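Dear colleague,

A summary of the findings follows it.

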Amino acid sequence: MHNQHIHSITIVGAGTMGNGIAHVCAMAGFPVKLMDSSEGQLRVALQTIKKNLTRMAEKQKIKPIEVSTSLARIQTYTNIKQAISDADIVIEVVPEQLSLKKLVWSQIEQDIDPKRLKQTIFATNTSSISISELAEGVTHPENMIGMHFFNPVPVMSLVEIILGNKTSEQTFKTVELLTRELGKTPIRVHDFPGFVSNRILMPMINEAIYALHEGVADKEAIDQVMTLGMAHPMGPLRLADFIGLDVCLNIMNVLHKGFQDAKYTPCPLLREMVDKGHLGNKTGRGFYIYEV
Ligand code: CAA
């Protein structure tokens, strides 16, 4: 089945998730416009995509020629208006702050060709922001949807597709098909705090931090229980570092506030580490030490 609706994809935000999404879209054959306000960020993103495509070619997951053909499909922009000029879908991948996401979407609405506004799909990659709330600020909330990708995007096969209270079935169907065309599996969920993924994952990670905090075992032991006993590819503390401890704390706060239930109280050790700036892989220190 070929997607009648999506010919050109614009990705706004070229951080870890943005470059991963650009990678899989380009590999699937779509022209990609990757936008970020920072030239430097765009340069790093292209280098990362090239490195990850090359690794896939070395492991014979793709043909060597696909490294250059995929890269050639990606154009970079610092100007949002140019980046969205012919987009059938805009995938916004800016940091997880409602006010920032709202600002970016209002900018996109201002800059998009008014003739295209009605038919362009607005997808947000979010791990915890309410799609219905974000859609309150846009002219066509029926076109807005959540596409929650997982890190590392080229490896993880899930895309959690989140319907807000006004998202249309047509929007869902188009995005569901696109997700399959990207080689991923779409899973449809509703707009509850943490959706499904983080409602289950984050309390597990938080509980692992409590176990460490209370001295049940050391960090390596806690992680080994979950890797060796439950076949998780990474233990919860290493995974927390990989995700970012600030992101984990933010999601726990969303669950706590959204459900008003004490069982989602973030562990004091998690708060303490975030306060100290020990955020995991990205800062070189979390539960473990990393090279940055
Ligand atoms: N691009 C392309 N390929 C990549 C890659 C990348 N960025 N990163 C890793 N790979 C590939 C490797 O080439 C390797 O391929 P082979 O199996 O063919 O050898 C494979 O992935 C495994 O990589 P490694 O051998 O280097 O290392 P590993 O076995 O330790 O796996 C991992 C690394 C894939 C990250 C694995 O540890 C894992 O799956 N961890 C759990 C990740 C996870 O849970 N992610 C979700 C986080 S939650 C989230 O993102 C959303 C949220 O809302 C918080």
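Which atom of the ligand lies 3.3 Å from a polar side-chain atom of asparagine 52? It is a nitrogen atom of the ligand. Such a polar contact is a pair of N or O atoms within 3.5 Å.

Before the remaining findings, two remarks on conventions are in order. This is a predicted model, in which local features need pLDDT of at least 70 and side-chain atom pairs count only at pLDDT 80 or more, while totals for chains, interfaces and linings use all residues. Residues are numbered from 1 along each chain as its sequence is written, and side-chain values use heavy atoms, with hydrogens and water left out.

Arginine 55 has a side-chain N or O atom 3.1 Å from a nitrogen atom of the ligand. For lysine 61, a side-chain N or O atom is 2.6 Å from an oxygen atom of the ligand. On its own the ligand has 1,000 Å² of accessible area, of which the protein covers 68% (Shrake-Rupley method, 1.4 Å probe).

There are 19 residues around the ligand, and Lys59, Lys61, His148, Asn151 and Asn198 come nearest (a residue is near if one of its heavy atoms lies within 4 Å). The shell comprises 11 nonpolar, 5 polar and 3 charged residues; Asp, Glu, Lys and Arg count as charged, Ala, Val, Leu, Ile, Met, Phe, Trp, Tyr, Cys and Pro as nonpolar, and the others, Gly among them, as polar. Helices α2 (39-58), α9 and α11 each supply at least two residues of this shell, and α2 gives the most, with 3. Helices here are DSSP runs (H or I, at least four residues), numbered from the N terminus. Domain 1 (9-190) and domain 2 (199-282) each contribute at least three residues to the shell, the bounds coming from an automatic or database domain assignment.

Helix α11

Pro236, Leu237, Leu239, Ala240 and Asp241 are the buried residues of α11 (residues 236-243), where buried means under 20% relative accessible area (1.4 Å probe, protein chains only). They pack against α9 (197-213), α10 (219-230) and α12 (245-259). Glycine 244, with a positive phi near 110°, follows α11.

Isoleucine 131

Isoleucine 131 is placed in helix α7 (residues 131-135) and counts as buried because its relative accessibility is 0%. Leaving aside residues up to four places away in sequence, isoleucine 131 touches Thr124, Thr126, Met144, Ile145, Gly146, Ile162, Gly164 and Asp191 (contact: heavy atoms within 4.5 Å).

Yours sincerely

How values were computed:
Buried means under 20% relative accessible area, exposed over 50%, partly exposed in between (1.4 Å probe, protein chains only). A polar contact is a pair of N or O atoms within 3.5 Å; within protein, one must be able to donate a hydrogen and the other to accept it, and residues adjacent in sequence count only if both atoms are side-chain atoms.
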